[in-house]
Amino acid sequence: MRTTAVFLVVASLSMAVLAYAGLREIRTINQDHSEIRVDRAARAAAALFQQDRGEFVLECDAAGSPQKIQIDSADRLQPSDSFDALVDSISSVNQGAANLFRYDPSSGSFDRIATSFTDEAGGRIGGSQVEPGLIVEGHPAYADLVTTSPYIGEVPVAGRMRFAYLTPILDADAALIGVLAVDVGLVDDLNRIDARVVNRVAVAVLVLLGAMAVAGIIAMFLAFRPLNRLIKVAHDVGSDDGPDTVQLTERRDEIGYLAQGLAKVVDLQRDLAHRAYNDLLTGIPNRAAFMRELERRFSLFGPGDKSDAHGFALLIIDLDGFKEVNDGLGHQAGDELLMSLADSLRSELQPGEFLARLGGDEFALLTSVGVADVAAVQRTADRALQSLSGVRQTQSGETSVTASIGIALIPEHGMTSEVAMSHADLALYAVKRDGRGHSRIYESSLSSPIQRRMHLATELRRALKNKTVRLEYQPILEANTGRIVCVEALARWTHEVEGEIPPREFVRVAENAGLINELGDYVIDQTCAQIASWRERGFTPPIVAVNVSTAQLWQSDFVDAVRARLRRHGVAPQELCLELTESVLIQHEHAQHRHLLNKLVELGVHLSIDDFGTGYSSLSYLHDLPVHQVKIDRMFLARSANNDKRAQLFAGIVSLAHNLGLQVVAEGVETSAELELAQLHGCDLVQGFLLGGPMSAEAVCARFGAVNVNWSASALLRV
């Protein structure tokens with residue numbers, strides 16, 4: 001019905017516009033016709049006047065329209081039978097009224113001396129005598145006549161308007177002495193004709209609209225009746241309570257094709273919604289789900305309520321030596337180990353406990369609500385440590401990884417998520433420092449690690465000032481050709497005493513110390529400087545991608561800062577790509593955030609969503625964001641080469657991104673099978689350690705224009 005209403009409104013407006021245009025044209029034609037008639041009447045009157053008075057001189061314009069009549073003296077303009085006969089003759093020829101006026105300089109008015117008007121008895125109005133003051137100041141024609149100019153238009157006569165032509169009469173000295181007036185009838189007649197046309201057009205439009213309304217309602221009802229359910233499905237896609245199934249998929253017409261397409265979108269949306277709160281690798285809840293559950297539990301406490309009835313414990317579990325497993329056996333072995341450990345932890349869960357993977361090799365466990373005493377929490381920690389201990393078998397060999405656990409008791413150790421997580425982290429840090437492989441409950445004395453953070457913050461601030469934070473660049477290759485088309489700039493920091501500081505650690509320090517904006521601005525500035533350096537040396541650098549934190553992105557002057565750095569180094573905006581985290585997907589609906597992203601696009605830089613699929617993926621967010629590219633997280637690609645279901649999901653993500661007009665980058669390509677899968681399903685770009693890890697600016701520029709070795713040795717390229 002809404003579509004029908006829109007159709008009828010559009011049709012009505014269109015017809016109204018056409019009718020209005022037609023009526024204006026008719027009125028214009030009638031007006032032009034009236035002007036032509038009165039002009040011809042004036043010409044005929046002037047000709048008869050001159051013919052009757054041969055000594056009078058008629059002056060016309062180039063088109064032949066009378067402008068002035070010249071006579072030798074004003075004394076000629078006196079009431080007489082001859083003038084009565086003249087106006088009667090003019091009236092007969094023109095089929096309209098004719099009048100002759102004499103100008104009275106003393107009163108400034110025009111007196112009528114002859115007229116063709118008669119009364120009901122047939123007698124001439126005025127009795128062939130002078131009728132004073134019929135045209136005075138304020139009369140429509142008065143201003144033109146006193147300047148000896150002819151007047152064409154409406155004039156009042158006996159209380160009604162007539163369409164007339166008034167020609168001034170001058171004496172030998174070119175002084176105004178009179179007026180010859182002719183008309184072609186009442187203006188009411190013209191208006192009556194216009195009104196009749198308007199009424200007929202209005203009736204025709206209403207009849208036509210009525211017929212169109214009936215036909216439109218019937219047609220729309222028949223056409224859209226089976227689409228009502230599909231319209232609701234399309235409306236609900238992307239919402240929290242989206243549809244589970246789509247009907248009408250069995251049809252083999254356009255409606256069926258639409259239903260089948262919506263069914264695919266619904267399936268994909270369901271998968272993405274699942275992954276928004278579930279870890280793709282291990283299948284357990286992810287960090288987003290954990291934070292949601294943690295906030296829910298804190299909401300159980302009322303204002304000032306610190307009772308143990310709602311108490312629980314927060315355990316942060318970090319694997320010891322996991323980096324060595326990744327480095328020694330490869331990331332695939334590391335993934336297998338994480339899945340095995342997650343299964344072990346999940347199998348030991350007690351009713352009411354909540355397990356999640358926070359990221360990397362870090363897990364979190366919440367005890368049941370009401371379990372917050374030290375003895376019970378310690379038993380839970382021991383159970384977790386026991387489930388993680390032992391030798392694990394991977395395809396790359398055996399490995400053994402221990403775990404460290406930091407514990408915070410709620411509400412004793414915090415009444416907010418931030419405080420509780422911080423205290424559990426401090427306890428975990430103490431375990432790591434004291435030898436690993438055991439658990440520890442937070443104590444106030446453990447706050448000493450804050451000193452290290454303060455130390456690192458001071459050192460990082462100095463490093464940024466001295467520009468000792470360096471950039472390395474990881475190649476991003478075109479999937480079809482193997483050539484570098486983009487590189488990702490990555491910050492690296494080697495402390496002069498402590499050596500290499502892991503990016504994860506110094507980025508966290510920067511966030512806590514309020515240095516993240518300074519660090520981000522430094523990386524963008526150094527990136528632009530490097531692009532300019534490559535270009536000065538004769539290289540044609542590819543697009544350089546830079547990670548941007550959410551805090552940095554939402555600075556009020558961020559766009560101006562980016563523009564200033566591009567101009568300072570003479571770098572074109574299209575040579576820079578800003579990689580945004582998925583947290584932007586949540587915040588972009590605010591008007592100021594949407595405006596900021598649009599301003600970046602207007603500036604000319606590229607926008608990319610990094611690690612797509614790891615947190616808050618949503619079709620509606622992805623559709624609305626003004627981004628150019630998505631980087632699909634490695635978890636979508638991992639093991640997809642040997643798992644048809646995962647491969648189909650990966651293909652669906654790529655297809656969805658392409659349908660939204662986005663470029664697709666496959667991250668974390670570490671095996672030939674993963675590279676082949678990314679190529680097979682149409683990824684535009686690929687990135688990963690198989691193709692090259694982070695390297696210096698000198699090393700990466702040596703590969704500009706070269707084809708990666710993985711494209712030259714085998715039949716990987718099958719697209």
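Author: A charge sits over a ring if NZ of Lys or CZ of Arg comes within 6 Å of the ring centre and within 35 degrees of the ring normal. Keep that rule handy for the first question.

Reader: Which ring does Arg292 lie over, and at what distance from the ring centre?

Author: That's Tyr277: Arg292 lies over its face, at 3.9 Å from the ring centre. Arg297 does likewise with Phe312, at 5.1 Å. Both distances fall within the 6 Å limit.

Before we go on, this is a predicted model, where local features need pLDDT of at least 70 and side-chain atom pairs count only at pLDDT 80 or more, while totals for chains, interfaces and linings use all residues. Residues are numbered from 1 along each chain as its sequence is written, and side-chain values use heavy atoms, with hydrogens and water left out.

Reader: How many helices and strands does the chain have?

Author: There are 23 helices and 24 strands.

Reader: Why is Gln474 called buried?

Author: Its relative accessible area is 9%. Buried means under 20%, exposed means over 50%, and partly exposed is in between (1.4 Å probe, protein chains only). So Gln474, at 9%, counts as buried. Across the 719 residues of the chain, 47% get that label.

Reader: What joins the side chains of Gln474 and Gln687?

Author: A polar contact of 3.2 Å does. The term asks for a pair of N or O atoms within 3.5 Å; within protein, one must be able to donate a hydrogen and the other to accept it, and residues adjacent in sequence count only if both atoms are side-chain atoms. Gln474 itself sits in strand 16 (residues 470-478). Leaving aside neighbours within four places in sequence, it is in contact (heavy atoms within 4.5 Å) with residues including Cys486, Gln687 and Pro694.

Reader: What makes Gln574 partly exposed?

Author: Gln574 has 46% relative accessibility, so it lands in the partly exposed range. You'll find it in the loop between helix 16 (558-569) and strand 20 (576-580). Gln574 and His606 are 32 residues apart along the chain, yet their C-alpha atoms are separated by 6.3 Å.

Reader: How many aromatic pairs are there?

Author: Seven. Rings of Phe, Tyr and Trp (its six-membered ring) pair if their centres lie within 6.5 Å; planes under 30 degrees apart are stacked, over 60 edge-to-face, and the rest tilted.

Reader: Which residues touch the most other members of the largest nonpolar core?

Author: Leu578 and Val686 do, in a core of 111 residues. Helix 14 gives the most to this core, with nine residues. A nonpolar core is a set of buried Ala, Val, Leu, Ile, Met, Phe, Trp, Tyr and Cys residues joined through side-chain atoms within 4.5 Å. Another core, of 26 residues, lies apart from it, with Ala42 and Phe83 among them.

Reader: Why does Arg492 count as buried?

Author: Its relative accessibility is 17%, so Arg492 is under the 20% mark. Arg492 lies in strand 17, and among the residues it touches beyond four places in sequence are Glu472, Glu500 and Phe506.

Conventions
Helices (H or I, at least four residues) and strands (E, at least two) are DSSP runs, numbered from the N terminus.
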